[in-house]
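Here is a friendly briefing on one model, grouped by topic. Take a look at the fold first, and then read on.

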Amino acid sequence: MNPDVVVNTYRTFVDSTNIRELIRGYDFIIDGTDNFPAKFLINDACVMEKKPFCHAGIIRFKGQLMTYIPGQGPCYRCVFKDPPPKDAVPTCKQAGVIGAMGGVIGSLQAMEAIKYITGVGQNLTGRLLTYDALKNDFHNIKLPAASGKCPVCGNNPTITELIDYEQAECADAQHGKDLQ
């Protein structure tokens, strides 16, 4: 391990009142959360603080990630406008997460941070990388350019304060049983 690496830990719940201050001193943010309210909060805070970040999501045997760099491509909210409504998407707790998927997608996020910080290679800005572990298949999907109409990163933002969304959970426990 690099002896110059410093790990800062925070024993606090992150919400709209403290996230901007927490991320302000960092060069690159990695979203390793497992729920939509946190993902939208991280996106909006990073956009407002002009911080690059890498979003990722995993469920069962599938994962995805994208990187936002201010002024260079769409943010998470440009791609996924609002948190999904209740019963639209099962939570990780309901559907299940394969631990190895966290390792695969988390390693790809770490590489996004390394590429950004070192200025080497091409980040996933403007692209969504998906991975299907059952098929061992990666897809690189070109995202639409930021249109300027995004409510948080657009030319005339309508979201100017952070929002603490509620976590919507599916009522149907059957979502967690189908692993394919």
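**Pocket, cores and rings**

α1, β1 (29-30) and α5 each supply at least two residues to the lining of the second largest pocket. This is a predicted model, in which local features need pLDDT of at least 70 and side-chain atom pairs count only at pLDDT 80 or more, while totals for chains, interfaces and linings use all residues. Residues are numbered from 1 along each chain as its sequence is written, and side-chain values use heavy atoms, with hydrogens and water left out. Helices (H or I, at least four residues) and strands (E, at least two) are DSSP runs, numbered from the N terminus.

**The second largest pocket**

- About 420 Å³ of space lies in this pocket; the volume is the space filled by probe spheres set on grid points, which are joined across faces, edges and corners.
- A pocket here is an open set of points on a 1 Å grid over the protein atoms alone, where a 1.4 Å probe fits, with protein on both sides within 12 Å along at least five of seven lines; lining residues have an atom within 4 Å of a point.
- Of the 13 lining residues, Ile23, Tyr26, Phe28, Ile29 and Ile30 are the closest to the centre of the second largest pocket.
- Helix α1 gives the most to this lining, with three residues.
- The lining divides into 12 nonpolar residues, one polar and no charged (Ala, Val, Leu, Ile, Met, Phe, Trp, Tyr, Cys and Pro count as nonpolar, Asp, Glu, Lys and Arg as charged, and the others, Gly among them, as polar).

**Nonpolar cores**

- A nonpolar core is a set of buried Ala, Val, Leu, Ile, Met, Phe, Trp, Tyr and Cys residues joined through side-chain atoms within 4.5 Å; buried means under 20% relative accessible area, exposed over 50%, and partly exposed in between (1.4 Å probe, protein chains only).
- In the largest core, of 21 residues, Ile19, Phe53 and Val152 touch the most other members.
- The elements giving two or more residues to this core are α1 (19-23), α2 (36-49) and β3 (62-68), and the largest share, seven residues, comes from α2.
- A second, separate core of 10 residues includes Leu65, Met101, Ile105 and Leu129.

**Aromatic pairs**

- The whole structure holds six aromatic pairs (ring centres of Phe, Tyr or Trp, its six-membered ring, within 6.5 Å; planes under 30 degrees apart are stacked, over 60 edge-to-face, the rest tilted).
- Phe40 and Tyr76 pair edge-to-face, at 5.0 Å centre to centre and 70° between the planes.
- Phe40 lies in helix α2 and Tyr76 in helix α3 (residues 76-79), so this pair ties together parts 36 residues apart in sequence.
- The rings of Tyr76 and Phe80 have centres 4.9 Å apart and planes at 45°, so that pair is tilted.
- Tyr76 is buried at 2% relative accessible area, whereas Phe80 is partly exposed at 28%.
- Ring pairs link Phe40, Tyr76, Phe80 and Tyr165 into a cluster.

**A buried glutamate**

- Glu112, in helix α5 (residues 99-118), counts as buried because its relative accessibility is 2%.
- Beyond its neighbours within four places in sequence, Glu112 is in contact (heavy atoms within 4.5 Å) with residues including Phe28, Cys54 and Gln122.

**Positive phi values**

- Most residues other than glycine have a negative phi.
- Lys50 has a positive phi near 55°, lies in the loop between α2 and β2 (53-59), and is exposed at 62%.
- Arg60 has a positive phi near 50°, sits in the loop between β2 and β3, and is buried at 17%.
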